[in-house]
Amino acid sequence: MATLLNEPLANLLDTPGITDVSAQVEALVVRMASLALTVADAAPAAAVTRALAAASPEAFLAAFAELLVARGVTAPGALAMLRGRIALADVLKESGGLLRADEAQARLGVTRATLQSWRDTKKILALPLSDGSFGYPVAQFAPPATDLERPRPLPGIADVLAAAGDALAPSELIALLAARRDAFAGADGRPRTGFAALAEGDVGLVVGLVAHVTTPADEGAPLEGEPGE
Amino acid sequence: MTGFAFGPDAGLPAGYARCAAGTVLYRGHTPGRAPDWFGPALGAAGTNRFDAPMRRTAADAGVCYLAERIDGVLLERVLRGVWRPIISRRTLGRDHALATARVDRDLVLLDLLVALSTVHGLELADVSAPPIPRAVPPYPHTQALAAQWAAASHPVPSVDGIVYGSRFGPAAVCVALWDRARGALAWGPSVRFEADMPALAASCERLGIGLVT
């Protein structure tokens, strides 16, 4: 402990390539370090060891969230919300990541207006981000067939979005499409992701499952207070 | 499973279970729609695991899906048989409400939990198969079985439905109740899922589900 507290933070960081940061980033790092110190200092050694053994940043965050909650989170649901953010990060990473708007424009070779129009008319899947901007899952774009072309939305993405309507949040839809499932299996019977099934032209399979999920189990039930059958 | 007893423990033959009077069950439903509904609508094809397999006629049993805890409602109604590790609080609040139903008399149920294989000769995979998208019926095996069971005579005087485990974990006990037991339920008010945030959070924790905005 004495070593940690007596050594400049920069000496302890493992961030090759980063030599200069803004005051805001510095403040964030200091705050994170303070939080980590407080939480880890109060946690059982075995729990800290488990967190350190995490293989990916997402797994480390999940383990850290457990330590944070074990210390005493006040609001009910806080751990579930933390878990949700981490699970979403995991899903996005597994599915190929997320493009910020400027990255999407550059990758797709379209203007900001076109990207916005695709998003507004539900031709592409867009994830609202906490800063008010949108992220675009990479997996929804088909790679170009030649060097002269650009990636384009997978065939059927618009149909999937239409089937999902408002009944699935973008994050839920991404999670549904990013997982390998038997229900998305192709002719060889091997489970695929929804994105892979779309890429291979099996739009009906994906739309069908999304439609099943978004059709309420009690579709057809009378309004409350009205006589039933 | 405090409200449930199985086979001889419930004074019944193996393969049947009793849900004791006084047990409170949970029902997920669409806000504004009647929770005490036994579907599908007459003339509509069943889309749920134990619904009538084809377009429902007056001869087919209507089914109301309930669960012992919120866990079962989240898994079976909210996820609709398709696992995702996250649930949106916005869609949960807008599209799903929670009602309770107190069981006023003992219910006798076909037991797919304890005696699934030993008495009924089924495998877990038989009753937990995922839906087949766009197929009619989407759960061909269980929908056909349920229709047979609803119409069959059993070695007990009256069977009210089926007790089964969620597709995602048999510890989440669920009940598919037939409309012959409609009068056995006393319904409480419907509330938003987040009306009891600690219970929702605890359920998410047990299931490993994360909440997102």
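**Entry 1: ground rules.** I number residues from 1 along each chain as its sequence is written, and chains are lettered from A and ligands numbered from 1 in the order in which they are written. Because the model is predicted, local features need pLDDT of at least 70 and side-chain atom pairs count only at pLDDT 80 or more, while totals for chains, interfaces and linings use all residues.

**Entry 2: confidence.** I looked up pLDDT, which is the predictor's confidence in each residue, from 0 to 100. Chain A has a mean of 89, and 97% of its residues reach 70 or more. Within chain A, confidence is lowest in helix α1 (residues 2-6), at a mean of 72, and highest in α9(A), at 98. Helices (H or I, at least four residues) and strands (E, at least two) are DSSP runs, numbered from the N terminus.

**Entry 3: where the chains meet.** I counted two residues as in contact if their C-beta atoms, placed from the backbone, lie within 7 Å. By this rule, 38 residues of chain A are in contact with 39 residues of chain B. On the chain A side, α6 (78-94), α10 (170-178) and α12 (203-214) each supply at least two residues, and the largest share, nine residues, comes from α6(A). I then sorted that side of chain A into 21 nonpolar, nine polar and eight charged residues, where Ala, Val, Leu, Ile, Met, Phe, Trp, Tyr, Cys and Pro count as nonpolar, Asp, Glu, Lys and Arg as charged, and the others, Gly among them, as polar.

**Entry 4: helix α9 of chain A.** I called a residue buried if 20 or more other C-beta atoms lie within 10 Å of its own, exposed if 12 or fewer, and partly exposed in between, with C-beta atoms placed from the backbone. In α9(A) (residues 157-164) the buried residues are A:I157, A:V160, A:L161, A:A163 and A:A164. Seen down the helix axis, they fall within an arc of 160°, so they line one face of α9(A); the arc is that of the directions from the helix axis to the C-beta atoms. These buried residues of α9(A) pack against β5 (152-153), α10, α11 (194-199) and α12 of chain A. Just after the helix, A:G165 takes a positive phi of about 50°.

**Entry 5: a proline in chain B.** Is B:P53 buried or exposed? With 22 C-beta neighbours inside 10 Å, B:P53 counts as buried, and it lies in the loop between β3 (24-29) and β4 (63-67) of chain B. Leaving out residues up to four places away in sequence, B:P53 touches B:G46, B:P137, B:P140, B:Q143, B:A144 and B:A147. I also noted that B:P53 and B:T142 are 89 residues apart in sequence and 8.7 Å apart in space, C-alpha to C-alpha.

**Entry 6: backbone exceptions.** Most residues other than glycine have a negative phi, and most peptide bonds are trans. I found a cis peptide bond from B:G39 to B:P40, with omega near -5°, and a cis bond joining B:V136 and B:P137, with omega about 0°. B:P137 lies in the loop between α3 (124-127) and α4 (140-151) of chain B, and B:R134 is found in the loop between α3 and α4 of chain B. B:R134 has a positive phi of about 70° although it is not a glycine, and it is partly exposed, with 13 other C-beta atoms within 10 Å.
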